[in-house]
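Please look over the sequence and the model shown here before reading on.

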Amino acid sequence: GGGGGGCVGVRVPVRGLAAASALRVPTLAGCSALPSLPSMSWFSSSATDANASATTVTTALPADFDCPSVQVRTGAATLTSSANPAEPTALNLRYQVTIGTTARECRMGPNNTLSIKVGMQGRVILGPEGTGTTSIEVPLRFAVVRETIDSQMITTKLDRVPVTVPPNDGNVLFTHVTEGLDFPMPKGANLDSYIIYIGFDPASVQAIEKKPKPRQKPAPKNRQS
């Protein structure tokens with residue numbers, strides 16, 4: 001199951017979540033915050049894991065603490081690949097990837113640092129032109145944003161998630177958990193305006209891959225006296 005189904009088919013160019021303007025897009029119906037799974041189902045699969053993770057907590061969270069909610073960014077809930085990018089149709093679709101259920105977990109670390117772990121479940125569906133596909137790299141952007149009158153980027157992270165597609169299986173579920181969304185605990189009730197965004201970000205990957213590599217200086221010639 002999972003929410004986000006109302007976003008299927010939405011295709012808006014993704015410029016990366018670093019731009020605040022990209023994050024001020026109003027949330028469309030069907031693209032609002034997805035139901036979050038209980039954190040235990042994602043992050044503490046066994047009592048051993050739970051005990052091990054508990055030892056890393058150095059500061060207790062406030063009694064009335066509420067971990068920021070997760071939202072799928074409008075226009076970034078679906079990733080598609082077409083055999084003919086200039087004129088994509090259902091017949092030349094290679095694959096479509098969608099975001100389903102999400103979960104998050106907040107913990108306090110040293111020096112009053114808040115650490116957030118985010119999990120997601122996605123689905124890969126192969127199209128008519130996807131025959132023979134064995135793996136897909138899914139670019140996932142995670143961002144913590146303070147949404148007030150203006151949007152303020154707090155921290156962001158791009159994960160390139162490899163998904164294996166078994167033979168004769170055109171409908172594959174996958175899960176991914178990211179860590180490293182750390183930032184200083186805000187004062188007072190400021191955390192109430194924080195939102196965790198998740199979405200596909202192929203444009204950032206393309207920008208990284210197209211970035212020219214620095215030229216290597218030629219080695220100096222040894223002069224013989």
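Two strands are said to pair if DSSP finds at least two bridges between them, the strands (E, at least two residues) being DSSP runs that are numbered from the N terminus, as are helices (H or I, at least four residues). This is a predicted model, in which local features need pLDDT of at least 70 and side-chain atom pairs count only at pLDDT 80 or more, while totals for chains, interfaces and linings use all residues. Residues are numbered from 1 along each chain as its sequence is written, and side-chain values use heavy atoms, with hydrogens and water left out.

Strand 4 and strand 7 run antiparallel and are joined by twelve bridges, among them the one that links Thr-113 to Pro-184 in strand 7. Both strands belong to an open, antiparallel sheet of four strands in the order 2-3-4-7, whose edges are strand 2 (78-82) and strand 7, each pairing on one side only.

Strand 5 and strand 6 form a hairpin with three residues between them; 13 bridges join these antiparallel strands, and in one of them Val-144 has Thr-155 of strand 6 as its partner.

The largest nonpolar core has 33 residues, where such a core is a set of buried Ala, Val, Leu, Ile, Met, Phe, Trp, Tyr and Cys residues joined through side-chain atoms within 4.5 Å, and buried means under 20% relative accessible area, exposed over 50%, and partly exposed in between (1.4 Å probe, protein chains only). Among the elements that give two or more residues to this core are strand 3 (93-109), strand 5 (135-147) and strand 8 (194-200). Leu-140 is one of the residues with the most contacts inside the core.
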